[in-house]
Amino acid sequence: MSERVINIGLCGFGVVGQGVLDHLERKRSVLREQLGVNIVVSRIAVRNLSKARDINVDPSIVSGDALSVALDPDVEIVCELMGGTGIAREVTVAALKAGKIVITANKALLCDHGEELLSLAREHDGHLLFEASVAGGIPVIKAIREGLVINEFSSIYGILNGTCNYILTRMANEGLSYPEILVEAKELGYAEAKESLDVDGIDAAHKAVVLAYLAHGKWVALEDVRRQGITDISQEDIQFAKNSGYAVKLIAVVDRDRALNSLRVSVLPTLVSKQCSLGSVDGVHNAVAIHGDVVGETVYIGPGAGRDATASAVISDVVDAAKLLIFGGPEGGYPFLDPAPRNGSNIVLASAKDLKSRYYVRLVVVDKPGVMAEIASVLAAREVSLASVTQKEVGEDEERVSLIITTHLTTEQAILDVVEDLGNLESLEEKPFSMPIGNFA
Ligand SMILES: NC(=O)c1ccc[n+]([C@@H]2O[C@H](COP(=O)([O-])OP(=O)(O)OC[C@H]3O[C@@H](n4cnc5c(N)ncnc54)[C@H](OP(=O)(O)O)[C@@H]3O)[C@@H](O)[C@H]2O)c1
């Protein structure tokens, strides 16, 4: 009997695409033995046919037309590794409508169009797999929908953007400012030329939306994610954190309140205790802590991006896809349960009035009598109770001081109001900066 061959079309042959081909080739014989099939990359699509690549391939399989690769009748598994939400969506929609299995590493695509794409997959008996879209090499999607399938999730929090974590770690270790590190991070290829997706927390928000869907069956719109990036974090914040046993991390949170039937997705700079599992996750690493009602807390730490880590996750989907093709059909199994029956459509978005945390607020003020009293009265008017105040001169300028305030437990709405009111005070020299003080295990 002739050997079963499964053909893959790689749409995108950049960092991740080349990593996928490289590792599939290296492990071809092992996979063949384990699966009993030969997985072959039979077609590749790129934008620029004349670009030099690290991995050489037979030019006859490379095309500039991603749609034709995805719709090639011999291609059973389509890997969308192009990025963005334009051609990537077009190719994914077309392949799913053709009943194919599509694998993507594209969190932006999932965040914006996940609902549409998954329903297309169901409608046309295709599949959409996306292990590499969140936390790169960490198999967190498999953890949520397979390993932890019996759990209801109260909270998921994570460091989901390696670039931000790298910048914050270097700010803490070397005392450099955010702009200084950003320049270097770009030179080293850790940050994109257009850094906004990373440093403004958009990439982490895309990933948090995917996790929220997997855990609760609800797609939260990107604009409903409360989001703040790392660009306003100063050395003062970092030093305060260090001296108080904390680290500043960009933390994505997916929080479910079952009593209120609400869900909250946020990405915020956060003071995280060095004692907690995420507090000492440094550099480009990602980490995700998941609280399930049956298992308790599980924590996953590892490389969140990069050619090899991401290829590892994409290939785990390739193997699932191959299993679906080999064992699938009416008698076959679906490798995971659909989160939609978790009945996410009934869940409401949490109100800032119901969310409580302690907060850190940094202010730069004119050093004159009465300023502290003014600030205290703003806090009192919003019923925010002060836990501590630290005052420091700003640079050489004796007329300006920075005040770092921490609060007792208060609502997010109250702190948003306080920050707005403080920003209106004449004695304020800069926009106030605030962040929650995380209460993580
Ligand atoms: N890099 C990572 O560490 C990482 C980690 C997790 C997830 N991801 C996700 O993985 C995806 C790919 O990322 P990447 O880093 O591999 O990107 P990349 O290096 O920029 O590669 C993108 C590839 O897509 C091709 N492409 C773009 N537009 C195309 C079009 N219209 N038609 C055909 N081909 C087209 C490009 O062709 P040319 O080479 O000819 O320009 C290139 O080969 C993205 O969704 C990204 O968010 C990446």
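**Exercise 1.** In this predicted model, find how many residues lie between S9 and S10 in their hairpin, and which residue in the turn has a positive phi.

*Solution.* Locate the two strands: S9 covers residues 246-257, and S10 covers residues 262-273. The hairpin they form has 4 residues between the strands. Within this turn, Asn261 has a positive phi of about 50 degrees. Next, look at the pairing itself: S9 and S10 run antiparallel and are joined by 12 bridges.

**Exercise 2.** Which strands pair with S10 in the parallel sense, and why is S10 described as largely enclosed?

*Solution.* Start with S8 (residues 226-227), which runs parallel to S10 and is joined to S10 by 2 bridges. Here Arg227 has Val267 of S10 as its bridge partner. Then take S13 (residues 348-349), which also pairs with S10 in the parallel sense, over 2 bridges. Finally, consider burial, where a residue counts as buried if 20 or more other C-beta atoms lie within 10 Å of its own. In S10, 10 of the 12 residues are buried, so the strand is largely enclosed by the rest of the structure.

**Exercise 3.** Describe how helices H13 and H14 pack, and which residues make the contact.

*Solution.* Two packed helices are described by the angle and the distance between their axes. For H13 (residues 371-381) and H14 (residues 412-423), the angle is about 145 degrees and the axes are 9 Å apart. Their crossing is right-handed. H13 contributes Ile375, Val378 and Leu379, while H14 contributes Val418, Asp421 and Leu422. Sorted by class, the contact has 5 nonpolar, no polar and 1 charged residues.

Key
Residues are numbered from 1 along each chain as its sequence is written. This is a predicted model: local features need pLDDT of at least 70, side-chain atom pairs count only at pLDDT 80 or more; totals for chains, interfaces and linings use all residues. Two strands pair if DSSP finds at least two bridges between them. Axes are lines fitted to C-alpha atoms, for helices over the stretch in contact, and angles run from 0 to 180 degrees between N-to-C directions. A crossing is left-handed if the near helix is turned anticlockwise from the far one by less than a right angle, and right-handed if clockwise. Two residues are in contact if their C-beta atoms, placed from the backbone, lie within 7 Å. Ala, Val, Leu, Ile, Met, Phe, Trp, Tyr, Cys and Pro count as nonpolar, Asp, Glu, Lys and Arg as charged, and the others, Gly among them, as polar.
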